There are 2 protein chains.
Amino acid sequence: MKVAKFGGSSVSNAEQIKKVLKIVNSDPERKITIVSAPGKRHQSDIKTTDLLIRLYEKAIAKLNYTAKKEEIVQRYADIVHELNMDDHILKSIDETLERYITTLKNKPPRLLDALLSCGEDFNAQIIAEYNNSQGIPTRYVSPGEAGITVSDLPQNAQILDHSYEELYNLRNYKEKLIIPGFFGISRQNYVVTFPRGGSDITGAIVARGVRADLYENFTDVSGIFRANPVIVKQPQVIDEITYREMRELSYAGFGVFHDEALQPLHKDRIPVLIKNTNRPHELGTYIRHDREINTNNVVSGISCDKGFTVINIKKYLMNRQVGFTRKVLGVLEDYNISFDHMPSGIDSISIIMRSKEIEHKEEQVLNDIRKHCDVDELGVEHDLAILMIVGEGMHRIVGTASRITHALAEANINLKMMNQGASEISIMFGIDVEDAEKAVKATYEYCYNGKCIVT
Amino acid sequence: MKVAKFGGSSVSNAEQIKKVLKIVNSDPERKITIVSAPGKRHQSDIKTTDLLIRLYEKAIAKLNYTAKKEEIVQRYADIVHELNMDDHILKSIDETLERYITTLKNKPPRLLDALLSCGEDFNAQIIAEYNNSQGIPTRYVSPGEAGITVSDLPQNAQILDHSYEELYNLRNYKEKLIIPGFFGISRQNYVVTFPRGGSDITGAIVARGVRADLYENFTDVSGIFRANPVIVKQPQVIDEITYREMRELSYAGFGVFHDEALQPLHKDRIPVLIKNTNRPHELGTYIRHDREINTNNVVSGISCDKGFTVINIKKYLMNRQVGFTRKVLGVLEDYNISFDHMPSGIDSISIIMRSKEIEHKEEQVLNDIRKHCDVDELGVEHDLAILMIVGEGMHRIVGTASRITHALAEANINLKMMNQGASEISIMFGIDVEDAEKAVKATYEYCYNGKCIVT
């Protein structure tokens, strides 16, 4: 059994929905489909989710929200009419929005969640009804009915473990099932949305619950590129990648697939296939637990992200002082700061974090470190970019680091930091923000075209 | 004013002592001299310090120790006779040893310290008396008289801060001063020896106390080599190096100069000169706070040490969990384990420590990490060697990492870990123990002879 999830652009209008259903119906294994809210139909269009946020803002401000509501209803009306469906559902959409606003207007976070969920929910209902009307037994299943029970903190749903057992029962349905993504129902019976990755998370949870053989994630790109296509012209598509590689790549700016969505799948080793709704014949990218290693080129992908800050600490004979690093990390914990890397020397440590983690707290954090940790030198560096070169098997191939650093040196890029080994599948480089694009280009050209960019 | 310290082989017999005094007397700035106990006179000889340990062992076992004692007295008798000195001091030596044994036999740790101190102490007295007899006003100053006051834990003396003020008064003497190294006097009036680095520590403390312009450390090598001469044939001698570089090199197996001895000097930025007693005309190696950087070859030295253990921890989404690393380090702290490096990835950390730190505790430490930290994978790797490539300015020269990793790749050495950036003056590599010598050779040849060793 396969679980397929379709992103917002894949279900933005009638034409796209027809494509989606053609894909769904072409394979009897594709039993469960998770759908997003209608996305943009063209560049200047507004996503349904954003329309819903505007409606919410009007409603809690006690302003007249009728126009905003009608915009949303119209969005679905366009779909319903283009699909030549009966428009009884439009009345239900209008009523649902009204009901949420009336009953939840004094609980803004609850109202936001309820309205946000409508984007996916109405779309799922329409798509299920349409497919059914085409003679394919299809059923809309709400997250509550499916058993997607989540924690109760608004906009921050976390799946509860027992949900997986309930979801397994979805296997009993004979029809094809359409489930809206992005939200679950709390034990307190509230709609609660997932914090990040929206429908991807729902898809992953359902795939794990039903123990799918494959989780297909349909989007508007043909797979995962080896490097950012904005920086590298027409980069190769990765055919196969592991969860761990995906996680390291998505950490440093790979936007295709939210790494948190991999977590449920990771545990049960369910493979993921990233495919393009508009080019379903293309192979796409498999994400698996394990894969064969290509010893000719161990580098799977290259990513680079900006916006990192480093705290540099020096202390003579630091490594002799049991507990020193722990004290420093204690300060970060006091400020609820999570960090990403911590290269350390015998008399020094550098702590690398996303700049937003320490924003507005920097002065206090540094003062506390000074106060509690008796350091010799303490400094902060902003505007660091992190370049990640990722590939399973990398640590076993002699010369990998040599080749990458050679390509970077030829491109005249100074390596402020370098960290290899903790993760066997990546090498991390800390570089200047200004070098970020050049570094991606240089390593890409070297790894996949065998060329050095000399500057 | 200069403070000069002479190691055991420099003061092992009359001939060596004459060399030392020639050096001392040749420069009026050399006012204070720290001497060690007589070292080996030839390969199969026994160091005085070891003779003293044997005496101690007999004494606390209540066995007949007369022969051991006489061996020691004979050692000094050889020196005294060869120097044509009056032998009244030999009686005092015998009496002192007897007195220590009688008064301290029920306090073994105190007896050990007292006997150990004799090696340096007697030698200092003899050398001072001899030089005086040669017409050069010279005075023996005991550590107590000099003001070297230390903490009271046997074999683990730590200098007390106010000592430095007292030591400053040594400037008032008109004579040349000879001070025995290796021990101080506690406030409780016990002799207490320094834990490591013996006379080097005394020399550094005195140099700082009198605010010397230079601390000369005379030994039996012509300075600090760029790499271990046992591995590399006739390596270059370093002309100038910083404290920080010295510390990073000595961390990974550079035996010449104990890095803890640098600590007092570090604070007042007193330069050190490592010289060869037997070849005093050779330039030796300066250790300074700052130095000019040679941009043609930024690598100052290469060192490699074995006997490291790595704990590898993996946890999916580790970097999102505030406090995770701190919890792991808390376990290490519970077991009083200090670590040296901690390369970290987004989902993994490796903690590198000297194997002896975790010996006999490994099982418990791992169990505690498992219990407290909810990890996905936990493993230990033994027999890691650490290769350190050290050089000020390294981080500012594009391509340093590329060149070094190239040399290692050509020698077919797999890099298990690599860490650069926390310390701006070094790159650390984790390699297999079996690759240790080859790695030093390969990087030395490449850095100083421009050749690759290809294997």
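Two strands are taken to pair if DSSP finds at least two bridges between them. On that basis, this predicted model contains an open sheet in chain A in which three strands follow the order β4-β6-β7 with mixed pairing.

- Strand β6 of chain A, spanning residues 183–186, runs parallel to β4(A) and is joined to β4(A) by two bridges.
- Within this part of the sheet, A:Thr149 stands opposite A:Ile185, a residue of β6(A).
- Lying across β6 and β7 of chain A is helix α5 (residues 108–133), which runs at about 80° to β7(A).

**Helix α1 against helix α5**
- Helix α1 (residues 14–25) of chain A and α5(A) have axes that come within 11 Å and cross at roughly 60°, and the two helices are therefore oblique to each other.
- The crossing in which α1(A) passes α5(A) is right-handed.
- From α1(A), the residues A:Ile17, A:Lys18, A:Leu21 and A:Asn25 meet A:Asn123, A:Ile127, A:Tyr130 and A:Asn131 of α5(A).

- Chain B is superposed on chain A by a rotation of 179° with 0.1 Å of shift along its axis, at an RMSD of 0.1 Å.
- The two copies are thus related as by a two-fold rotation axis.
- Both copies use the same surface, since 100% of the contact residues of chain B recur in chain A.

Terms used:
Residues numbered from 1 in each chain as written. Chains lettered and ligands numbered in written order. Predicted model: local features only at pLDDT ≥ 70, side-chain atom pairs only at ≥ 80, totals over all residues. Heavy atoms only, no water. Helix = DSSP H or I, 4+ residues; strand = E, 2+ residues; numbered from the N terminus. Contact = heavy atoms within 4.5 Å. Axes fitted to C-alpha atoms, helices over the stretch in contact; angles between N-to-C directions. Least-squares fit on C-alpha atoms with pLDDT ≥ 70 in both. Parallel < 35°, antiparallel > 145°, perpendicular 65-115°, else oblique. Left-handed = near helix turned anticlockwise from the far one by under 90°.
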